[in-house]
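Please find below a colleague's note on the model under review. It is set out as numbered points.

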Amino acid sequence: MIGHAVELLRAGKLVAFPTETVYGLGADATSADAVAGIFRAKGRPATNPLIVHVSSIDVAKRYAEWSDAATKLAEMFWPGPLTLVLPKRSAIADITTANGPTVGIRIPAHPLALELLRAFDGPVAAPSANRSNHVSPTTARHVRDELSHAVDLILDGGPCTVGIESTVLDLASDAPRILRSGHITAEQIAAVLGSRVLGHKPTENAGAALRSPGQLPVHYAPLTPAFRFDPNERGQIDLTDTAVIELTLDPESYARNFYARLRLLDTQSLRAIYIELPPDTPGWRAVRDRVLRATKPLSGNLLQE
């Protein structure tokens, strides 16, 4: 199966594969035509760049200009859910990076993904394998349900163990900055670098080319109307034909199951989904970011009337 997947990638086709975060929709990152197929399949705007996946630090150095900070972080967190934004080398097709000068790159921590990447021996651009702005897939079934018509092969590696997208860290600016929150926190990164890491800065111009994925104001959203609430707003929710997702004590297990739960609720013809907003603390920050982008505030819920 891996051999067939590599043949498809080399022929410019699309292969969906598992990572520890979410399932990716992969294409050869050096081929503009192949990468264009990702944008068509997802309905993704050309201003939203793609993350590139590789099998080793040595391979990463072929496609990104390296730095001491990149070495420290890669040795600590790779394979794993951390994407480093670095100046790109010319082999990466410009469409992959939204025509920008930098590329987001990482080594995924999933045995099937690593087997594929080692066999391909090159960079694979792979955003989440779903329609743009919709809920990310964390099982092969999710990919089949949404994109089977557009994907040439789906590799089934079971449910994703992290369940939300990687942390994206910009190392190509004056100071390291989080561009998207994820499982690896700013505090963990700062401890490795021995320096301050700037927090996420919201994108103000949604029409401009982005530096990394995960910065659009509306993202990760179910088709069912979804609203967020603080605990003190719980009593305002009309429970008729709705579902309520409340916090648990364990942010890691919550994150692992969050997208799968949203997808399941999306199939139940509900009037609305209400999601308790997580606190702005390191352990919950990544999930909070996804909830904020996937929902509207409860105060704007016209379904209460």
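1. Basis. The model is predicted; local features need pLDDT of at least 70 and side-chain atom pairs count only at pLDDT 80 or more, while totals for chains, interfaces and linings use all residues. Residues are numbered from 1 along each chain as its sequence is written, and side-chain values use heavy atoms, with hydrogens and water left out.

2. Whole chain. The protein chain contains nine helices and 13 strands (DSSP runs numbered from the N terminus, helices being H or I of at least four residues and strands E of at least two). Its radius of gyration, taken over C-alpha atoms, is 19 Å, close to the 19 Å given for 305 residues by the globule rule, so the chain is as compact as a globular protein of that length. That rule is 2.2 Å times the number of residues to the power 0.38. The C-alpha trace spans about 55 × 45 × 35 Å along its principal axes.

3. Helices α1 and α5. The axes of α1 (residues 2-10) and α5 (residues 111-120) come within 9 Å and cross at roughly 55° (axes are lines fitted to C-alpha atoms over the stretch in contact, and angles run from 0 to 180 degrees between N-to-C directions). That makes α1 oblique to α5 (under 35 degrees counts as roughly parallel, over 145 as roughly antiparallel, 65 to 115 as roughly perpendicular and the rest as oblique). The contact (heavy atoms within 4.5 Å) is made by I2, A5, V6, L9 and R10 of α1 with L112, E115, L116, A119 and F120 of α5. These residues divide into eight nonpolar, no polar and two charged (Ala, Val, Leu, Ile, Met, Phe, Trp, Tyr, Cys and Pro count as nonpolar, Asp, Glu, Lys and Arg as charged, and the others, Gly among them, as polar).

4. Helices α4 and α7. Helix α4 (residues 68-77) packs against helix α7 (residues 186-193) at an angle of about 120°, with the axes 10 Å apart. That makes α4 oblique to α7. From α4 the contact draws on A69, K72, L73, M76 and F77, and from α7 on Q188, I189, V192 and L193. By class there are seven nonpolar, one polar and one charged residues.

5. Residue V22. V22 lies in the loop between β1 (15-17) and β2 (24-28). At 6% relative accessibility, V22 counts as buried (under 20% relative accessible area, with a 1.4 Å probe and protein chains only). Beyond its neighbours within four places in sequence, V22 contacts residues including F17, S128, C160 and Y259.

Technical notes
Buried < 20%, exposed > 50% of the residue type's maximum accessible area, 1.4 Å probe, protein only.
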